[in-house]
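Subject: Structure handover

Hello,

Here is the structure for you to look through. My notes on it follow below.

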Amino acid sequence: MYGAFFFGNLGAKHTIMINKVVADADVAIADITDGKTLMLGGFGLCGIPENCIKSLVKKGVKELTCISNNAGVDDFGIGLMLQGKQVKKMVASYVGENAEFERQLLSGELEVELIPQGTLATRCLAAGYGMPAIFTPAGVGTEVAEGKEVRNFKGKDYLMEYAFDADFAIVKAWKGDTAGNLIFRSTSRNFNPIMAMAGKITIAEVEELVEVGELDPDHIHTPGIYVHRIFQGKDYEKRIEQRTVRSKA
Amino acid sequence: MALSKEGIAQRIAKEIKDGYYVNLGIGIPTLVANYIPSGINVVLQSENGLLGMGPFPYEGEEDADLINAGKQTITTLPGSVIFDSAMSFGMIRAQKIDLTILGAMEVSENGDIANWKIPGKMVKGMGGAMDLVASAKNIIVAMQHVNKAGESKLLPECSLPLTGVKCIKKIVTELAVLEVLPEGGFKLVERAPGVSVDFIRNATAGKLYADDNVPEMVID
C-alpha cells in the first residue's frame, strides 16, 4: 500500500513543488511589526543578512528584541538599527566593535543581555531540535548564572539555559533553492544554519537563488523545511572588519 | 629581563605538542601561532567555525566570507573544515580541544579568571571565553604580570566580574611561568631570564610559592 501511495500521489510529480520564493527583502519582512523578537545570523559583519537589515531600517519598526552574536559596527549591520533606536533589547555575546551600542547601553537606553557565545549557539540549536533547554558549564559561578537553575552531573555544575523563542529568524546563505534549501559559504556559515532552524518564521536571503534540483542533496546545510521565505539578495557589500594580509615578498 | 609580548608567546609555544588541536584567543595568544616549533603539526581552531586556520591572505586575495574569531581575514589550509557555531562550541564543550590559550585581566590564586568586563567602563562581552574556560581541560593564560597602573594581576581574589571559576592551572607572564596549586596559591615554575624571585614576589599580590632554585625560562 505504501508503494502505491508514494508512486501514485507523489512520484507522479517527480519534483518538489513547494515554492517559498518572495520578491525581495521588503516583502519578506513585511509582517515584522513593533515589539517582535528577531534572530539575525552572522559573526561580526561576516554572513549578515544585509538586505533584510536595510529593509527593517527603511520600515522603521521599533521596540525589537534582537538576538545576534554581535551588534554590527556603527554604520553597518545591526548598528544601523541601533542608530534608528529600533532595538529595545539586544541579546549578544560580544559587542566590542560598536561605539553607539556602548553609549546606549551605558546611558540605559538599551537593554542588553550578554551571554556566552556557545550558550547563544546552543540555545539556537535547542530551538531547532525541539528541546526546551540545555545544560552548559559556561558561566557557572559568574554573574551569567544569577537566577538560573544549577544542576550537577557527574560532579560538575551546569546551568540550565532555555531554548530561544524567536518570532523571526533572518539568515543569509550563499545559495538557496526555491524550496528553501540552503548552502552556506566558508565562515559566513557561523550562526546562520542554527538560527535558520530556530525561528518560528525563518527568512533566508541568498546570493544565488536556483531552481530545485540544482543543489546536490548531500551538500545542503539547511533543509528547506526550516525556511519559510527565500529571496535573491542584491548589492552585497560584505564589509571586512579587520583586513589583515601578508605581502608576497 | 622581562619578556616582550613575543617572548611570552614564544615561551607558550613550547607547551604545544604534536597533533594538538589548539584554540588561540585574541592578543598575545594570537602571536603564539608564529612560534609553533617546526616539525610539530597542530590544528588551530577559530571558534566562529573553522579548524585549520591558515595565515593571513596575500594582499588582494582577502575573502570577506573567511575570517577568524578576531574578525581578521585569514585563509584555510589543505584539510581545513568549516562548521556552524553550535558544532564549534560543541567540540569545545566535549573537550576535543587539547589546549586553549587566552588573555586575562586578572587571575586569582584559586584559579578564577576575569577577562570580559570592567563595570561602568568596558562593555564588550565575553564572546566565547566563558565557554572555553568552563570546558577546556588544558588552559594557559597569557598576560602581563601587572596592569598599566602597576598593580598585580595575580590576586588573592579577582576584583572584576568573573569569566570562570577554578579553571586556570598555568599562567605565563613577562616575568614568570606559574602554576595554580590545587590547594590555592601560585607556584613559581620558571623565571624570565635575569628576573629575581623577589622581583616576581613583589609583583604578585596572591600567595606565591617558590623553591630555592627556580630555573630560568629557556627561549630559543
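This is a predicted model. I start with a sheet in chain B. Three strands form an open sheet there, in the order β7-β6-β11, and the pairing is mixed. β7 (113-114) and β11 (154-155) of chain B stand at the edges. Each has a single partner strand, so one side of each has no neighbour in the sheet. Strand β6 of chain B covers residues 106-108. Two bridges join β6(B) to β11(B), and these two strands run parallel. B:Val107 has B:Leu154 of β11(B) as its bridge partner.

Next, the contact between the chains. Chain A puts 51 residues into the contact and chain B puts in 49 residues. About 4300 Å² is buried between chain A and chain B, with 58% coming from carbon and sulfur atoms. On the chain A side, A:Thr187, A:Thr244 and A:Arg246 lose the most area to chain B. Together they make up 16% of what that side buries. There are six salt bridges between chain A and chain B. One of them links B:Glu61 to A:Lys248, with the closest N and O atoms 3.5 Å apart.

Last, a pocket. The second largest pocket has a volume of about 300 Å³. Its lining has 19 residues; A:Lys156, B:Ala134, B:Val165, B:Lys166 and B:Cys167 lie nearest the centre. β7 (156-162) of chain A and α4 (129-135) of chain B each supply at least two lining residues. α4(B) gives the largest share, three residues. By class, the lining of this pocket has eight nonpolar, six polar and five charged residues.

Best wishes

Conventions: Residues numbered from 1 in each chain as written. Chains lettered and ligands numbered in written order. Predicted model: local features only at pLDDT ≥ 70, side-chain atom pairs only at ≥ 80, totals over all residues. Heavy atoms only, no water. 1 Å grid on protein atoms, 1.4 Å probe; cavity = no way out; pocket = protein on both sides within 12 Å on 5 of 7 lines; lining within 4 Å. Points joined across faces, edges and corners; volume = space filled by probe spheres on them. Helix = DSSP H or I, 4+ residues; strand = E, 2+ residues; numbered from the N terminus. Nonpolar A, V, L, I, M, F, W, Y, C, P; charged D, E, K, R; others polar. Pairing = 2+ DSSP bridges. Contact = heavy atoms within 4.5 Å. Buried area = accessible area lost by both parts, 1.4 Å probe. Salt bridge = Lys/Arg side-chain N within 4 Å of Asp/Glu carboxyl O.
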